[in-house]
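Have the model open in your viewer with residue selection ready. The tour begins with a cavity and then moves to a strand.

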Amino acid sequence: GWLTEQRLEALKLASELALPKLEKQKIERWNISEYGTYKTNGAIASLEEVPASIKELVQDQAEGSLVIQRNSATIYSNLSADLAAKGVIFTDLASAVREHGDLVKQYLGTAVKADEHSIAALHAALWNGGVFLYVPKNVEIEIPLQAVLLTDDASATFAPHVLVVAEANSSVTYVDNYVSGELSAPVFHNGVVEVFVKSGAKVRFATVHQLNVNVTDVSYRRAVVENDGSIEWIVGEMNNGDTASNTMTVLKGNGSSSDSKVIAVGSGSQKINYTTEARHFGKNTP
């Protein structure tokens, strides 16, 4: 199908493209080749069964809207009945491709494109699990939707893709946590986030990365905001391993706005490179 073609095309690009250029850092010296292989952990029936490393993060979420990824695939996914009745979709991206293929195809890989550099291309070829959040127009969601993304098997690929679409005049808050369990060897997290904020919509996107020293984390986050839409980024960079992240908003529409708050804590000999940027195309974009 279309996704297989997209993945194969991206794999071909990966061999042709250069690595991204980071200011004052030589990313080619980082541990960015430990992709592992696709491994699943089997779904869990209830939150009682989650690994100990994420128990605290999900303890009050039995009724809530929650997606949990462990290594290469999702182990738990729940959407409250109230939101489902309003047409909200919240599931892992791999399931969304099967169940809502036409909708996903419109957006996947259009904000962070596979041809930007070899890391983006490899992500497009190899992404797994991930999150898909779709909010229909005029639907305002008060309670945050949550995802937890866990790497605890060093031989497993960990490359989730988060895709959020907020239709006109909707509003939503999404929160995720990236965490690692005991790892016996290095892991490379190659992550991409794409957020599409339609006219008059409001998205608050909060993400906290708490990965251990064995994980090299490279994350590209990008929002495309249309007329009078707004995005608020809240990013917590709490990793102990080498980290590069780029959080960018494309202010496409008139009156569109973006606000970014990045809280960073570094340690030891960690190499870090955090950038935030806004690209202004519309008029009156503060």
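The largest cavity has a volume of about 40 Å³, a volume being the space filled by probe spheres set on grid points joined across faces, edges and corners. A cavity here is a set of points, on a 1 Å grid over the protein atoms alone, where a 1.4 Å probe fits but cannot get out, and lining residues have an atom within 4 Å of a point. This is a predicted model, in which local features need pLDDT of at least 70 and side-chain atom pairs count only at pLDDT 80 or more, while totals for chains, interfaces and linings use all residues. Residues are numbered from 1 along each chain as its sequence is written, and side-chain values use heavy atoms, with hydrogens and water left out.

Select Tyr 178, His 189, Gly 191, Val 192, Val 193, His 209, Ser 219, Tyr 220 and Arg 221 to show the lining. The largest share, four residues, is from strand 8.

Next, select strand 10 (residues 215-225), which pairs with strand 12 in the parallel sense over nine bridges; pairing requires at least two DSSP bridges between two strands. Ala 223 has Thr 249 of strand 12 as its bridge partner.

Now colour strand 12 (residues 243-251): nine of its nine residues are buried, so the strand is largely enclosed by the rest of the structure. Buried means under 20% relative accessible area (1.4 Å probe, protein chains only). Thr 243, Ser 245, Thr 247, Thr 249 and Leu 251 are on one side, with Ala 244, Asn 246, Met 248 and Val 250 on the other.

Finish at strand 14 (residues 272-280), which also pairs with strand 12 in the parallel sense over nine bridges. There, Arg 279 stands opposite Val 250.

Definitions and conventions. Buried means under 20% relative accessible area, exposed over 50%, partly exposed in between (1.4 Å probe, protein chains only). Helices (H or I, at least four residues) and strands (E, at least two) are DSSP runs, numbered from the N terminus. On a 1 Å grid over the protein atoms alone, a cavity is a set of points where a 1.4 Å probe fits but cannot get out, and a pocket is an open set with protein on both sides within 12 Å along at least five of seven lines; lining residues have an atom within 4 Å of a point.
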